[in-house]
Amino acid sequence: MLQSVSCGSRKFRIWSALKMVSPAIALAFLPLLLTLIIRYRYYFVLLYRAVLIRWVRDCLTGLSREERAFQYILTHATPGDAQSILDTFDHWCSKVEFISNIGPKKGKILDRLLQEHCPITVLELGTHCGYSTVRIARSLPIGARIYSVEMDERNAQVAEKIIRLAGFDEDMVELIVRPSDEVIPRLREDFGVERLDLVFMDHWKRCYLPDLQLLEGSGLLGEGSIILADNVIFPGAPNFLRHARRSGLYEVRVHRAMLEYIRGIRDGMAELTFLGIK
Amino acid sequence: MPRHKLIASESDVSIEVDEGKDNEFSLYYVEVEENSKGGKEKQATRDGKRRRARNGEVSRRRASEKRTTNMANKRAEKKHEKHHKTTRKEGERHRKRQRRRIADEEEAEEESSKEKKNIKNERTKTLKLEDEKEKDVKKKRKKHVKNQEDDANPGKTKQKDCQDVPLKEKKKKRKKPETTSESESQSESQSESNSDSEAKDNQAVGVLGSLTPEELEKLKEAVDERKKLITTIKGKPWPMKKKLVILRESQEFVEKYEGALGKGKGRKLYAYKVLMMKKWMKFERDLENFKTACIPWEMKIKEIESHFGSSVASYFIFLRWMYGINMILFGLTFGLVMVPEALMGKPYGSMPRKTVPREEEASAMNFAVLWDFGGYAKYSVLFYGYYNNQRAIGWLKFRMPLSYFLVGVGTVAYSYMVVIRTMARNANEEGGGDDTSFNFSWKTFTSWDYLIGNPETADNKFASITTSFKEAIVEEQESRKDDNIHLTRFLRVLANFLVLCCLAGSGYLIYFVVRRSQKFALEGLENYGWWERNEVNMVMSLLGMFCPMLFDVISTLENYHPRIALQWQLGRIFALFLGNLYTFIIALMDAIQLKRAEEEIVKKNMTIWQANLYNGTVPDNSTAPPITVHPADVPRGPCWETMVGQEFVRLIISDTMTTYITLLIGDFIRAVLVRFLNNCWCWDLEYGFPSYSEFDVSGNVLGLIFNQGMIWMGAFYAPCLPALNLLRLHVSMYLQCWAVMCCNVPQERVFKASGSNNFYMAMLLVILFLSTLPAIYTIVSFPPSFDCGPFSGKNRMFDVIQETLETDFPAWFGKVFSYASNPGLVLPFLLLLVLAIYYLQSTSKTYKRVNMELKKKLQTQNEENKKKNKLAALKAANELEQARKAGEQRSNSASDLGVNEESSSLDEAGHHRQAGQNGRLIHPSQSQHAQSSEPPVSSTHTTTRPPASRSHTASGHLPGHPQQPQKNSHSNRR
């Protein structure tokens with residue numbers, strides 16, 4: 001009883017405080033609110049699509065987002081046709097739900113890089129659903145090999161299914177289900193990797209820098225090895241970029257692009273060419 | 001062998017020769033010292049002879065100089081040195097022997113001349129000492145050098161020559177074709193004459209004269225040459241390093257030898273003059289620097305300009321200009337109104353209007369009250385109500401009410417004058433027409449500021465030039481772009497509609513707030529809190545802050561060029577502020593009406609109160625001394641003028657506070673957060689969501705303009721407003737400079753604001769007009785309060801003029817004035833004025849048109865010239881082609897070498913054609929000459945090809961006849 005009274009009095013106090021600030025003053029903040037909403041509308045859209053819809057669907061279906069994506073692909077794409085799988089993925093991500101893949105536009109940059117350099121050994125950090133793995137694998141020369149690292153068990157299962165669906169076998173794509181910071185130092189012993197021609201980073205943005213330093217320390221990078229890091233501007237990896245620019249070990253290029261499947265948010269991919277240790 | 005190589009080798013040789021001679025003369029030294037043991041006394045007697053001998057030599061040399069040019073002379077000497085080195089040495093040894101044979105005199109000749117030089121130098125040195133002690137060290141060094149030179153007397157000129165060589169090389173190269181052959185031919189005779197003269201030195205007996213004028217002349221020449229070089233070094237097509245090195249060398253040289261020039265008595269004067277000249281130049285330079293430093297905030301603004309482009313800088317320049325205006329307004333109000341009243345007027349507490357009323361006394365010193373400009377602040381010189389209506393105050397008989405009125409009018413008149421004058425000047429600068437035809441060339445060749453000496457400033461300038469290039473490129477791109485016109489039109493209409501909605505909304509909100517505040521005021525403000533009392537100001541400030549943001553967001557729809565977008569933005573914010581201001585003024589007018597109604601009541605009560613006072617205390621005796629009532633107890637009217645002044649002061653204060661708080665929160669705190677949270681945040685704060693803020697030019701400019709408008713409106717009722725504004729501007733200058741440099745990033749789309757300055761001015765003029773309107777309305781239509789202010793007791797405020805005319809001027813003046821103000825005179829005068837304005841305007845229009853036409857004419861002429869040049873170049877190329885064909889036909893029988901030559905000349909012709917197409921006319925005959933004069937040289941040395949001659953002397957031949965000039969050049973050379 002007493003508690004409810006005190007609660008009521010507090011409510012009253014808050015209400016009086018609110019009343020003290022006149023509605024006119026509150027209304028004067030309306031333009032600010034409108035400005036913020038209009039200026040950052042794309043971010044609100046992203047928030048809605050990437051968080052709210054996901055949460056609702058998760059509750060409704062009981063499946064994870066990745067599994068839903070796989071189901072959709074299974075029903076809509078042609079098995080064994082990498083292009084078809086990628087297209088279906090893009091469609092699902094842009095029309096149905098949002099998954100942060102590399103996307104078609106930035107994927108073109110990746111394709112071009114692959115064509116230019118023809119890497120033999122590729123390390124992919126962050127398989128997620130296998131979109132980028134499929135994308136890399138389809139443009140690799142014969143005899144090349146991808147080591148794809150994924151931390152999450154469920155995602156890795158989905159990714160493996162999708163990769164197999166696209167028609168790539170274990171000789172070509174080696175899926176490693178472990179955290180990246182454990183995998184990188186053991187690449188040489190466990191998998192017999194001598195040199196990495198291309199490293200594609202698309203996992204946690206926080207891990208970009210430590211993983212890059214691990215790679216430097218492992219000695220797997222040779223002169224001319226390329227490290228491609230996605231999403232360096234949004235969500236962004238400022239420390240990674242700073243290190244890459246300042247260490248003098250790399251030639252850094254940032255490809256400006258838009259965030260995948262969403263309009264109006266700028267993003268970029270960093271292309272680091274290892275210059276060799278002097 | 002190419003000519004310059006020859007020269008280089010010559011100079012090398014000459015240096016070698018000099019060294020050899022130095023050795024020889026060191027030999028002499030020894031001998032002379034041996035001699036001087038015994039012959040110290042003799043030397044004095046010998047002086048005359050030696051001098052005579054030297055003079056003889058000099059005269060002969062002069063004669064030879066007259067025959068040839070100086071350059072030829074030097075080269076000839078060098079040639080002579082080269083060819084006859086050994087023979088000359090022998091000759092000199094022979095001379096030595098001769099001298100020894102004659103007596104000690106001859107042998108000591110060199111030594112004595114050295115001695116003489118010493119004496120001379122010492123004399124100059126002492127003179128110098130009188131002038132300047134600094135130069136002493138240099139002088140000594142100079143003397144040392146001189147001595148050496150004197151020792152190596154015959155070699156001295158050569159030494160100088162080799163110093164001069166790098167300088168003269170260029171000239172030599174240029175003059176080569178004409179001079180070389182001559183010089184070679186002359187060199188023989190010259191060298192012979194030289195050697196002759198030196199051989200004859202011994203026997204020469206001349207007249208008494210001055211000391212070695214030849215050396216002096218040469219020195220002077222060299223110094224002059226260096227000076228010329230120093231002045232023209234900017235224009236030389238050399239790399240910067242070379243320029244610097246040569247500049248330094250020649251400056252040193254001039255420094256060293258300048259003082260020694262001039263003769264005898266004149267020398268001191270000359271040295272003094274040079275010294276003074278240098279000092280003067282240095283002083284001028286320092287003065288210039290000082291002047292720049294004196295322009296307030298110039299360096300800050302330049303720095304900002306270099307980082308943020310001219311549009312942001314234009315805001316700060318505008319701010320500075322505004323500061324200047326306010327300085328004068330402040331000077332007027334402070335010097336003619338506030339200070340006289342404070343010094344000479346009645347002191348505080350002497351009258352009711354100068355005293356805090358009894359009921360307010362308790363809280364009069366509270367900070368909250370003072371902050372609201374109540375209490376003691378209200379009853380001080382800061383506000384209208386404090387001033388007394390006494391006609392003349394103090395021992396100066398200062399006419400206070402008149403001064404108050406005239407200052408009020410004068411500030412506004414001055415502001416009008418300044419704004420209009422600045423507008424006119426800016427309009428002149430604009431000039432009309434498009435000057436963009438050579439935009440990039442202008443920028444490339446004229447942007448660097450050569451006065452910059454500070455590396456940091458140079459960096460800044462570099463950055464600023466880069467920025468300006470970016471601006472120009474963006475502009476160029478904007479002008480070329482074309483989009484879907486219907487979509488853009490629709491979007492623009494939509495944007496304007498949205499903005500109108502926003503304006504209407506904000507207007508309604510302010511109206512609502514003002515109505516509410518009137519309700520509060522009627523019920524008595526004391527019952528309400530701070531929020532209610534300051535609601536109007538708060539809402540106005542907030543709307544003024546947030547609505548521009550919204551407009552900015554909306555304006556991205558429109559896709560205008562940044563400068564046009566800025567103007568739209570300015571216009572919209574202008575409308576918003578104007579609406580806010582006028583709503584505020586309307587509310588104030590209502591308040592004035594209320595106060596006046598209250599005043600009527602107080603007036604009535606006053607008479608009752610007075611009657612009560614007298615009746616109650618002195619019932620019967622009317623002659624008793626008046627009862628003294630403490631002024632604080634006297635009832636008084638509400639004094640609406642002070643109320644208006646207070647409102648404006650409060651508005652200014654709240655506006656300033658809002659600005660600063662916005663600056664601190666919106667810019668500084670945000671920047672700090674972005675900077676330091678960036679390391680531990682999940683996305684890139686700097687590039688992504690909050691990022692750093694950009695400097696909002698339009699909002700700031702309009703804030704400034706409206707602030708000024710409020711000052712103009714309120715200054716009549718609150719003389720402290722200009723002072724407050726001055727303070728505000730001063731603080732905001734520093735604060736905003738700091739904030740811009742520390743928390744803002746340059747705009748993504750940099751653009752220049754050359755055209756917007758006049759736009760600002762136009763807005764300022766409009767605001768000035770709009771702000772003087774209400775002030776004039778109140779002055780003209782309302783009678784002043786009966787018990788406060790300088791005009792109390794009068795029917796209208798401007799009656800003070802009439803009063804002054806009647807009482808302070810002679811009667812005839814009043815009469816004249818009344819005649820002059822007769823409508824029969826005033827109307828024709830006004831008519832005349834209008835006619836004059838019309839006439840002047842039409843004339844200026846005509847001038848403008850004529851100017852435009854002239855400009856167009858110039859442009860067309862320019863284009864025609866270009867075309868002509870192109871044609872001429874093409875023609876020349878054709879002719880060359882023909883000539884080449886003809887030459888080929890003829891040289892088919894000739895040797896391979898000739899063919900090679902032709903092909904290379906073809907290359908050159910091609911180059912020339914290209915150059916011609918680029919717009920520069922190269923006369924065909926010249927290029928012809930250039931290629932045709934070469935063969936003799938290039939036939940011997942096919943690898944290196946000296947630069948083509950530019951001389952016009954040998955260009956008389958016709959194009960298409962390559963054979964003839966070849967012959968010419970052959971004959972020239974041999």
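Trainee: Over residues 844-877 of chain B, how far apart are the end C-alpha atoms?
Mentor: This is a predicted model, in which local features need pLDDT of at least 70, side-chain atom pairs count only at pLDDT 80 or more, and totals for chains, interfaces and linings use all residues. UniProt, in an unreviewed entry, puts a "coiled-coil region" at residues 844-877 of chain B; its positions follow the numbering used here, feature names are shortened, and annotations may be inferred rather than shown by experiment. In the model that stretch is 100% helix and 0% strand, and its end C-alpha atoms are separated by 49 Å.

Trainee: How many helices does chain B have?
Mentor: Residues are numbered from 1 along each chain as its sequence is written, chains are lettered from A and ligands numbered from 1 in the order in which they are written, and side-chain values use heavy atoms, with hydrogens and water left out. Helices (H or I, at least four residues) and strands (E, at least two) are DSSP runs, numbered from the N terminus. Chain B has two strands, and its helices number 33.

Trainee: What percentage of the residues of chain B count as buried?
Mentor: Buried means under 20% relative accessible area, exposed means over 50%, and partly exposed is in between, using a 1.4 Å probe and protein chains only. Chain B has 974 residues, and the buried share is 43%.

Trainee: Is B:N326 buried or exposed?
Mentor: B:N326 sits in helix α13 (residues 310-344) of chain B. Leaving out residues up to four places away in sequence, B:N326 touches B:Q708, B:I711, B:N725, B:L726 and B:L729, where a contact means heavy atoms within 4.5 Å. Because its relative accessible area is 0%, B:N326 counts as buried.

Trainee: What is the order of the strands in the open sheet of chain A?
Mentor: Two strands pair if DSSP finds at least two bridges between them. The sheet has seven strands with mixed pairing, in the order β3-β2-β1-β4-β5-β7-β6.

Trainee: Which are the edge strands?
Mentor: Look for strands that pair on one side only. In chain A these are β3 (173-177) and β6.

Trainee: How many bridges join β6(A) to β7(A)?
Mentor: Strand β7 (residues 266-274) of chain A has eight of its nine residues buried. Four bridges join it to β5 (residues 221-229), running antiparallel. With β6 (residues 250-258), β7(A) also runs antiparallel, and the bridges number nine.

Trainee: What angle does the direction of helix α8 of chain A make with that of β2(A)?
Mentor: Helix α8 (residues 131-138) packs on the sheet and touches β1, β2, β3 and β4 (196-201) of chain A. Axes are lines fitted to C-alpha atoms, for helices over the stretch in contact, and angles run from 0 to 180 degrees between N-to-C directions. For α8 and β2(A) the angle is about 175 degrees.

Trainee: How far apart in space are A:Y72 and A:T88, C-alpha to C-alpha?
Mentor: A:Y72 lies in helix α5 (residues 65-76) of chain A. Leaving aside neighbours within four places in sequence, its contacts are A:T88, A:H91, A:W92 and A:V96. A:Y72 and A:T88 are 16 residues apart in sequence, and their distance in space is 8.1 Å.

Trainee: Why does A:E216 count as buried?
Mentor: A:E216 is in helix α11 (residues 208-218) of chain A. Not counting residues up to four places away in sequence, A:E216 touches A:L221, A:H243, A:L249 and A:Y250. A:E216 counts as buried because its relative accessible area is 18%.
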